[in-house]
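Hi,

Here is the structure I promised to pass on to you. Have a look at it first, and then read on for my notes.

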Amino acid sequence: MMDFVNIFLSDSFWAASLRIATPLIFGVLGALLCERSGVLNLGIEGIFVVGAMTGWMAVWLGMGLWGGIVVAALSGALFGLFHGILTVIFGLSQHVSGLGITLFGTSAASFAYRTALPQVSSPPRIEPFRALDIPILSDLPFIGPVLFQQTAMTWLALFMVALVWWVMEKTALGVAIKAVGDNPDAVNAQGLSVIKLRMGSVIAGSALMALGGAFLTMSAFDAFFFGMVNGRGWICIALVIFASWQPGKALMGALLFGMFDALQVRLQTQAGAVIPGQIFLMAPYVLSIIALVIVARKADYPRALLTPWFKGQR
Amino acid sequence: MFLNKLTRRCMIAGVAIAATLGTAGMAAAEAIKVAAIYTLPVEQQWISRIHIALNAAAARGDIEYTFSENVANTDYERVMREYAEGGQKLIVGEVFGLERAARKVAKDYPDTAFLMGSSFAPDGDNFSVFDNWIHEPSYLSGIVAGSATKSNVIGMVGGFAIPEVNRLMHAFMEGARSVNPDVKFLVNFLDSWYDPPKAKESAFAMMDAGADIMYAERFGVSDAAVERGVKAIGNVIDTSGDYPNTILSSALWHMEATIDTAIAAVANGSYKADDYGQYSFMAHGGGSVVVDSALVPADVVAKVAAVEADIKSGKFTVAVNDDAPVSDK
């Protein structure tokens with residue numbers, strides 16, 4: 001029992017929680033942006049893979065870490081554009097298109113990787129983002145390791161939370177995005193373009209998702225592996241409901257999942273002899289489902305989610 | 001744009017592969033036609049060993065080698081049949097996810113030799129099995145770890161708790177305990193073969209709990225060891241070049257003995273269903289241990305060499321234990 005308390009008192013536990021949460025923060029913000037405009041983007045898992053591959057590959061090709069970030073975001077945006085054309089312009093099923101994007105993105109990333117590196121014994125490594133070392137702040141007890149020894153991408157993720165919140169809550173653009181997800185006809189009546197708003201949201205959201213993938217290959221690790229995204233995208237789809245489509249709550253949800261996972265690893269190590277390890281591996285998902293059930297009852301869905309909009313049709 | 005171009009190339013390559021498969025049966029050559037089917041990319045540690053041995057055989061001119069990687073278990077039977085229909089004489093792969101189904105396919109192609117990584121026994125007339133039986137070098141690397149630990153805590157991060165993994169972990173633990181009875185093990189499984197960020201997190205958690213030696217069954221563990229400046233023990237492949245000053249010792253797997261025996265059997269028509277597991281044993285050169293003498297004291301290196309000699313001569317047998325290992329209390 002004392003061990004259990006000690007876990008929560010250790011700075012490394014909280015640092016790990018934030019580190020595990022970082023790709024989810026990007027992903028859940030991206031999903032939030034898409035869904036707020038009325039478009040479900042199940043391409044998220046594939047876009048994660050695309051972001052992970054292209055970002056890493058760009059760095060490997062010598063474009064620098066921030067160059068890699070830009071490349072990852074642009075490739076995510078490209079797949080978002082594709083999803084948008086299918087679902088927003090053609091009004092096709094968002095589920096089918098999204099799953100198609102996931103399959104396509106995953107395969108395209110694998111194919112590009114193998115084409116560029118046909119014969120390798122182990123994947124080439126890049127020099128990834130290193131933990132920040134800020135004078136004074138990084139040396140503070142507890143707060144230092146938890147917040148100020150993270151990598152720049154974790155800070156970028158936190159900045160994105162603030163940015164998305166500001167856009168959604170404080171700007172006319174945010175009002176328009178939310179309105180287009182609730183009542184596109186009203187937005188159209190205001191003389192705004194439903195298509196442009198939705199396309200923009202899906203493209204920007206997909207770019208954010210790709211950054212989640214890029215974090216895995218450029219910060220959490222230093223090489224690209226097939227299958228390393230390992231379902232992180234799908235978790236974001238659940239987390240965005242948990243977050244009731246609010247950026248602040250999205251951050252909380254991602255952190256909560258990160259905590260569960262960091263806890264799982266530690267408990268499995270400590271108590272694996274008493275309780276089968278699979279129980280702990282399952283725990284973050286079960287706890288997330290429970291949290292989801294409790295929160296989602298009151299969830300305020302974007303009214304026009306999954307509903308395509310065609311000009312001149314009611 | 002980059003991706004668009006690749007996509008187009010993807011289609012062209014797809015057509016080309018389909019054409020190659022279709023005509024594979026027609027091209028006549030003395031070299032034996034060997035195909036491999038892998039469920040993961042050829043970079044993966046385990047698979048890379050098979051891939052290297054087959055490439056070596058192809059370079060010698062003994063075989064004509066083709067392979068498919070990243071084949072889903074659900075698609076595996078189809079690829080097996082496609083290669084068998086295409087006239088491949090020997091098909092190598094791994095059937096841990098489709099043991100029964102793969103044996104059924106082999107029955108349909110009695111003229112094709114199958115050599116598959118499997119947890120179970122050989123089957124019929126043409127279905128042989130192998131596995132990475134490197135419990136002996138794992139025991140030896142355990143001796144290095146047990147001697148090196150100062151905190152007497154060793155962390156182990158594994159993929160899945162399946163016999164192939166458990167057996168090596170137990171042998172490693174036995175080896176460490178043989179020189180250091182006080183050593184305590186922390187064990188963790190990822191339930192994934194390929195999630196380096198998660199493997200890293202597990203390793204960090206173990207180091208927080210006092211581990212000063214990490215058994216690196218998965219990619220990611222040694223990376224964590226480098227970041228925290230602790231030492232690691234490698235498994236299956238030698239990664240000491242990637243992690244300088246970190247890998248004390250590695251238990252290596254070599255598929256050459258297995259592959260070459262199977263190729264010879266196919267060549268002289270004596271191939272039958274057999275358990276090729278023994279060809280991964282040290283006595284056959286299927287397993288070996290490397291110890292970094294710059295990081296490990298000479299008396300430990302000597303101890304390892306002595307036990308290695310005993311294993312090879314048959315004087316000492318490393319126990320096989322397939323149960324899932326758990327953390328010590």
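You'll find B:Asn245 in the loop that links β9 (231–236) to β10 (247–253) of chain B. The backbone there is worth a glance too: B:Asn245 is not a glycine, yet its phi is positive, at about 70 degrees. As background, most residues other than glycine have a negative phi.

Please keep in mind that this is a predicted model.

B:Asp191 also has a positive phi without being a glycine, with a value near 55 degrees. It sits in the loop between β7 (184–189) and α7 (196–208) of chain B. Here the count is 15 other C-beta atoms within 10 Å, so B:Asp191 is partly exposed.

Now for chain B as a whole. Its secondary structure comes to 10 helices and 11 strands. The C-alpha trace spans about 60 × 55 × 35 Å along the principal axes. For 329 residues, a compact globule would have a radius of gyration near 20 Å, so the 21 Å of chain B agrees with that. Of those 329 residues, 53% count as buried. If you take the contacts in chain B between residues at least 6 apart in sequence, 67% of them join residues at least 24 apart.

Chain B is split into domain 1 (30–130) and domain 2, which is made of 135–254 + 285–313. The C-alpha centres of these two domains of chain B are 30 Å apart. Where they touch, domain 1 of chain B contributes six residues and domain 2 of chain B contributes six residues. On the domain 1 side of that contact there are two nonpolar residues, three polar and one charged.

Next, the inside. In soluble globular proteins, nonpolar side chains tend to be buried together. In this model, the largest nonpolar core has 190 residues, and A:Val28, A:Leu239 and B:Met214 are those with the most contacts inside it. Helix α2 (residues 11–36) of chain A supplies the largest share, 16 residues. From chain B, both domain 1 (30–130) and domain 2 (135–254 + 285–313) put in at least three residues each.

Leaving aside residues up to four places away in sequence, A:Leu239 touches A:Leu24, A:Val28, A:Ala250, A:Gly253, A:Ala254 and A:Phe257. There is also a second, separate core of seven residues, with A:Ala176, A:Ile177, A:Ala179 and A:Val187 among them.

Last, the place where the two chains meet. How many residues does the contact take from chain A and from chain B? It takes 33 from chain A and 34 from chain B. On the side of chain A, the elements that give two or more residues are α2, α4 (65–89), α5 (94–116), α10 (194–220), α12 (247–271) and α13 (277–296). Of these, α12 of chain A gives the most, with six residues. Sorted by class, the side of chain A that touches chain B has 18 nonpolar, 14 polar and one charged residues.

Enjoy looking around!

Definitions and conventions
Residues numbered from 1 in each chain as written. Chains lettered and ligands numbered in written order. Predicted model: local features only at pLDDT ≥ 70, side-chain atom pairs only at ≥ 80, totals over all residues. Helix = DSSP H or I, 4+ residues; strand = E, 2+ residues; numbered from the N terminus. Rg over C-alpha atoms; globule rule 2.2 N^0.38 Å. Buried ≥ 20, exposed ≤ 12 C-beta atoms within 10 Å, placed from the backbone. Contact = placed C-beta atoms within 7 Å. Core = buried A, V, L, I, M, F, W, Y, C linked by C-beta atoms within 7 Å. Domains from an automatic or database assignment. Nonpolar A, V, L, I, M, F, W, Y, C, P; charged D, E, K, R; others polar.
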